[in-house]
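Subject: Structure handover

Hello,

Here is the structure I promised to pass on. My notes follow below it.

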Amino acid sequence: MSLTTLPRIQKRRSPWRPVVYLLLVLATIFYLLPIYLVLVTALKEATDIQLATTWNLPNPWSWGSFVTAWQAFAPKLRNSLVLAVFATVGSAMLGSLNGYVLSKWRFPGAGIVFPLMLFGMFIPYQAILIPLFQFLKSVGLYGSIWGLILTHIVYGLPITTLIFRNFYAEIPDEMLEAAKIDGSGFFGIYARIMFPLSVSGFVVVIIWQFTQIWNEFLFAVTLTNQASQPITVALAQLAGGEAVKWNLPMAGAILAALPTLLIYIVLGRYFIRGLLAGSVKG
Amino acid sequence: MKLHGDRVTAFLMLLPSLILLAIFVYGFIGRTAYVSTTDWGSNPAQALALEPQLEPVGAANYVGLFTSRFNARFRQDLVNTFFFTLFFLVGCLGLGLGLAILLDQRVRGEAVFRTIFLFPFALAFIVTGTIWRWMLQPQGGLNVLPTLVGLPKLELPWLTTRQQVWRFDWRHLPAYLAVIVALVLLIFAWRAWRNQRRGRGVTLGVLALALGVWGAFGAPGLTFLPYSELHGFNVAFIGIVLAAVWQMSGYTMALYLAGLRGVPEELREAARSDGASEWQLYRHVILPLLGPITLSAMIILGHISLKIFDLIWAMAGSDNAVTDVPALLMYLRTFRGNQFAEGAAIAMVLLVMVAAVIVPYLWTSLRSEVRR
């Protein structure tokens with residue numbers, strides 16, 4: 001089973017190299033097969049979709065499914081966008097403040113408060129869903145996108161606080177001491193030192209939160225109605241219908257996936273940093 | 001004193017978030033716990049009232065979940081979650097580690113491969129579920145893939161099967177659990193004995209023996225179910241595991257790859273110059289260093305899999321008894337059936353399961369942070 005027992009210089013010409021590449025190509029096929037199927041299905045006309053010829057290229061090629069899916073989904077995509085933007089900005093700003101306090105302004109009891117905050121991001125949200133549902137109903141936010149935004153801001157606090165706290169811990173205390181001697185207080189230090197230095201921290205947190213909130217389903221399906229539902233709920237409803245032609249759900253899936261996929265491809269470096277920083281989020 | 005004033009300001013800035021989390025996390029959990037001990041939902045007139053009149057019923061909802069004939073579905077859900085978690089973990093860890101080791105071989109185009117393996121993680125579970133529902137159509141998708149190269153079509157039923165394997169009687173579960181826990185205790189006892197901690201070894205050994213004896217002779221006499229009730233692994237879950245591994249194995253790979261990149265090059269060189277083969281290098285030097293990563297990956301993936309909800313909804317529908325899990329059943333009972341108290345009880349069971357995984361993890365990782 002030994003890969004090679006030769007010294008390092010010769011290792012690069014190991015006979016196992018082709019096997020490594022073969023396995024990588026096989027894995028690539030595994031990850032990309034579903035994407036191929038989604039694309040060819042979405043680009044077919046409804047009458048062209050048959051189970052036996054699933055894998056064939058479209059004949060003729062057609063953008064029709066995307067047009068139909070766009071017409072059906074445009075309002076839902078707008079809901080998702082409003083939801084993700086407001087909830088992301090809200091939870092990122094509060095998380096930045098919290099992270100600043102927890103990393104630089106130690107107060108008695110912080111060692112207990114922080115883990116108690118963190119626990120909030122692991123809980124199965126079913127355990128708070130009934131009171132949340134009652135609460136939103138009693139304040140008149142049930143069924144509106146604003147109720148869902150509030151929900152995502154609150155339950156986003158643990159992860160954003162965690163990422164910012166770890167990010168700010170890297171900023172040396174000496175910089176803060178210097179600013180204190182110059183007469184800066186709590187807000188002065190935040191405005192002059194912490195905030196300007198946290199651009200990449202904000203990028204990580206914003207990407208992470210935007211992706212998570214855009215993709216979320218449990219809160220969305222429980223707390224919204226037909227008019228305010230985000231794209232995930234609309235897609236689940238469309239695909240769950242029995243007599244559905246598969247070109248529409250596939251085009252819908254592409255529309256729903258595109259924003260987070262683009263973020264991942266363009267800003268992948270930050271995406272992975274968020275994933276490792278909050279190596280702890282589900 | 002200025003500094004003191006700023007310290008107060010700092011705390012005041014944190015306070016709104018603390019209050020929000022105290023109410024929305026702990027207050028609401030407390031409320032759910034309370035609801036689970038009431039009769040909310042058993043009277044239809046009260047079910048949807050804004051201020052329902054609730055009567056306390058003690059632990060009746062929990063007893064019902066584990067013993068009533070009507071709730072056999074919940075017990076099967078627990079079994080489903082167990083098998084799903086097991087196969088999901090094995091799949092993600094195995095594939096993730098394998099891919100990370102492959103990418104660690106200084107391959108050309110590493111960034112491209114990495115991007116491809118990780119992209120499903122950026123998708124919504126609902127999107128993944130919709131795609132794989134189409135992939136796993138019995139008459140199409142994966143099943144007809146072999147025909148493209150001239151092989152016969154596969155006949156796998158995927159999500160449509162109702163087949164159940166590895167069946168066991170729910171009444172024997174306490175016995176099985178006791179024996180398994182006894183075996184684990186025995187291993188710990190043996191290790192303590194070997195590490196010269198005789199006293200602890202004997203204590204654990206006696207405990208294991210007592211539990212084993214009870215499991216073998218006491219537990220079968222329990223009569224919490226009046227009839228035999230068979231549960232097992234629902235084969236339909238294989239397709240769901242496949243989709244879940246497709247989505248999450250890249251994430252596991254990223255965790256492992258970060259760990260592999262953290263292994264100092266000098267350590268590898270030292271092992272190689274000692275004559276270690278690449279296989280020995282991984283087996284004896286690198287993999288042991290990845291132990292902590294495996295543990296955190298297991299905990300993170302484990303708590304995701306206990307809570308799995310959207311993926312199953314999108315692949316098999318929200319109300320499919322064969323592929324049901326507690327997270328889905330809670331939603332159905334509460335928001336479709338208006339059985340709020342019973343939904344709350346399921347939610348609490350789910351919370352306890354997740355907390356059992358997460359609390360020790362948070363505890364140890366934060367304690368080691370303080371030590372640093």
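Start with the fold of chain A. Along the sequence, its pattern reads α-α-α-α-α-α-α-α-α-α-α-α-α. That is 13 helices and 0 strands. Helices (H or I, at least four residues) and strands (E, at least two) are DSSP runs, numbered from the N terminus.

A word on provenance. This is a predicted model, where local features need pLDDT of at least 70, side-chain atom pairs count only at pLDDT 80 or more, and totals for chains, interfaces and linings use all residues. Residues are numbered from 1 along each chain as its sequence is written, while chains are lettered from A and ligands numbered from 1 in the order in which they are written.

Next, overall shape. Chain A has a radius of gyration of 24 Å, well over the 19 Å that the globule rule gives for 282 residues, so chain A is more spread out than a compact globule. (The radius is taken over C-alpha atoms; the rule is 2.2 Å times the number of residues to the power 0.38.) Along the principal axes, the C-alpha atoms of chain A fill a box of roughly 75 × 70 × 35 Å.

Now a meeting of two chains. P34(A), L37(A), V38(A) and T41(A) in α2(A) meet I131(B), W132(B), W134(B) and M135(B) in α6(B). Contact here means C-beta atoms, placed from the backbone, within 7 Å. The residues split into 7 nonpolar, 1 polar and no charged. Nonpolar means Ala, Val, Leu, Ile, Met, Phe, Trp, Tyr, Cys and Pro; charged means Asp, Glu, Lys and Arg; the others, Gly among them, are polar.

Best wishes

Notes: Two residues are in contact if their C-beta atoms, placed from the backbone, lie within 7 Å.
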